[in-house]
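Colleague: I have the file open and would like to walk through it with you. Could you start with the terms, then go on to surface and interior?

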Amino acid sequence: MSRPLHRGVSGVRIPDGSHELRDSQFKDKAEKEDLDRRASSDHSHSPLALRFPLRLFFADYSQAKYGNSENGFTDSFIAGTPRSRHKLTMLLLKSSLLFIVVLALTGSFWWTILISSSSRGHIYHGYRRLQEKLVLDLLDIGEFSSGTSKFKEMEFCSQEFENHVPCFNVSKNLGLGYSDGNELQRQCEHELRQNCLILPPAKYKIPLRWPTGRDVIWVANVKITAQQVLSSGSLTKRMMMLDEEQISFRSASLMFDGVEDYSHQIAEMIGLRNESNFIQAGVRTILDIGCGYGSFGAHLFNSHLLTMCIADYEPSGSQVQLTLERGLPAMIASFISKQLPYPSLSFDMLHCARCGIEWDQKDGILLIEADRLLKPGGYFVWTSPLSNARSKENQKRWKFVHDFTENICWEMLSQQDETVIWKKTSKRNCYNSRNSGAGPPLCGKSYDVESPYYRELQNCIGGTHSSRWISIDERATWPSRTNLNNKELAAYGLQPEEFAEESESWRTVVRNYWSLLSPLIFSDHPKRPGEEDPSPPYNMVRNVLDMNAHFGGFNLALLQAGKAVWVMNVVPTSGPNYLPLIQDRGFVGVLHDWCEAFPTYPRTYDLVHAAGLLSLQNSQLGRCTMLDLFTEIDRLLRPEGWIIIRDTVPLIESARALATRLKWDARVVELESDNDHRLLICQKPFFKRLSN
């Protein structure tokens, strides 16, 4: 059986420099200088100089010639000596000569393109590959001139970064003048780049495998206090038990069936027998606002419903962090002042159970955003004491919500105790039949952005101009929904043959991925630092991040292969936007700029997948680097998690070098019948912070 990739140890204490090492260095100094003179005189006459012309432009700073420094890397130039100044001068001359040669080659290619119109397409393809390689080579030259920094491994962050989420700094935002809840909003424009690797907490343990991990998590893996566990909050927040090392969630317990009764109540209020009939009613995706710790979504998962949890950033006791630790979909997002990074008409149901959102405030603009996210015919479920108010003030607030929802064409289906359910209209002409001045206006066609990216909230009804305005009652039910019909595909300019071919291709790709990963995941390997060897399989793959999701084919192929995973389908802002298509297929996803930090906590995903992302991000040169991207991937990935990158050969070569800097175990895999692309498979080692 194949052995796994090499694992890093938990930590190594570096001893102080020994006297023997210093004596040895003085003793070998003369021998090194003699070797330098011999190598200099022999270099120009070596046959290798003819076979590899680039060696004429760069001195050979190899280990054999100069030896290693104490940290195992090649020694840098020692500034200030005549010898170093001579070397620096020669390096500049050689770099200038290389630049002239590259410039001449580039001009030659342009000349060839101009005179060879008949083969223009083929030459252009070759030129693009040469240009890509040239950019990478010039970047390498720039890093080479700075010595060994390119090959130096990154340092670990201090302990205060264990749960760090970039772009969410409440105290800093308050200092910048943000208030009225806006200090909780995502603010990336003032964020400095992270230049270190985040270590897990000292007592961190690999999460339990699904489905056990849904109901039991390790206390040390999340930042939460006993008081926060026991304090009152949302309905699902209270369904927890805490012992010395674990938090148990009681959603599946026969002794505590609150979530089951609550879900059953919602189904009956809609007119269904129970929650297992949600699928037949057209419900597949649910946005759970202020989700507690995800117990509502955990319960509905057994009925093939996919619930995305969103909540504000919380430095401790985070709803999002605990939900993700349970292996359930979640991300940081706020109903405050900006539109969420989801397309219009994305979800079949919105759920808010004592979620803390004051829907009657800000002239109802938060309800307008909820309406934008909801599919035609979709349901809005709200559980709040306000709906059963007794004081005059609360009754006034409830009347505002009641009247406002009527003015945006929501029909109140039922009210029981504190729970109210509305159904969004499926008929566009409802908005035109309203009384003059009743409710917010419709957004203009040019202003109705289908997929906004953290845009300011709009005081107009969106989504009415979309070609995707199809009632959930008229859509195919899950899982047939994954195969969009010809009319739905035409809205995206896609042909059925193209769509089917893409789906079949991903099925093959997933089979190949698993044939590569399975021997690594299920084989023996050195035990985790400080722990006994657990029973196989050693890795759990439950939370999956697809960084460039395209049509969501990777997600579908995983489900068709019977993998017990959920996928966060990310559509980069720098590429074509197929996120509405992904949502219409019954998956969850988000729009994101990968030059910014992803809105989630560290150690979130078991598997990160990126097909073609590096090529796409090449257009972002100047805004962020590949190192910035890889550092963010490391933050998102759980210890012993996996990274699969598919891209062009030059980009994969650069990615492998960066993987070494990030201490990842990496290997490159060649692809059959595709010489232009490679796979890079990496695993993040399980490092632990050394105790004092």
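Modeller: Let me begin with a definition: patches are made of residues with over 30% relative accessible area and no salt bridge, with like charges joined within 9 Å and nonpolar side chains (Val, Leu, Ile, Met, Phe, Trp, Tyr) within 5 Å. A salt bridge is a side-chain nitrogen of Lys or Arg within 4 Å of a carboxyl oxygen of Asp or Glu, and accessible areas come from the Shrake-Rupley method with a 1.4 Å probe, where for residues only the protein chains shown count as cover. This is a predicted model, in which local features need pLDDT of at least 70 and side-chain atom pairs count only at pLDDT 80 or more, while totals for chains, interfaces and linings use all residues. Residues are numbered from 1 along each chain as its sequence is written, and side-chain values use heavy atoms, with hydrogens and water left out.

Colleague: Which residues form a nonpolar patch on the surface?

Modeller: F99, I100 and L103 do, and together they have about 330 Å² of accessible area. F99 lies in helix α4, residues 82-115; helices (H or I, at least four residues) and strands (E, at least two) are DSSP runs, numbered from the N terminus.

Colleague: What is W359 in contact with?

Modeller: Taking contact as heavy atoms within 4.5 Å, and leaving aside neighbours within four places in sequence, the partners of W359 include I289, F335, C352, L366, L367, F380, W382 and F400.

Colleague: And F630, where does that sit, buried or exposed?

Modeller: F630 is one of the buried residues of α20, along with others including M626, L629, I633 and L636. Nine of the 11 residues of helix α20 (residues 626-636) are buried, so this helix is largely enclosed by the rest of the structure. The cover over its buried residues includes β11 (543-546), β14 (605-611), α19 (613-617), β15 (637-648) and α21 (649-661).

Colleague: What about T285, buried or exposed?

Modeller: T285 counts as buried because its relative accessibility is 0%. T285 lies in strand β4, residues 285-289, and, leaving aside neighbours within four places in sequence, its contacts include L306, F347, D348, F587 and V588.

Colleague: Changing topic, how many disulfides does the structure hold?

Modeller: The structure holds seven disulfides, a disulfide being a pair of cysteine sulfur atoms within 2.5 Å. One of them joins C157 to C196, with S to S at 2.0 Å, and this link is right-handed, with 100° about the S-S bond. The pair links distant parts of the chain, 39 residues apart, and both C157 and C196 are buried.

Methods:
Buried means under 20% relative accessible area, exposed over 50%, partly exposed in between (1.4 Å probe, protein chains only).
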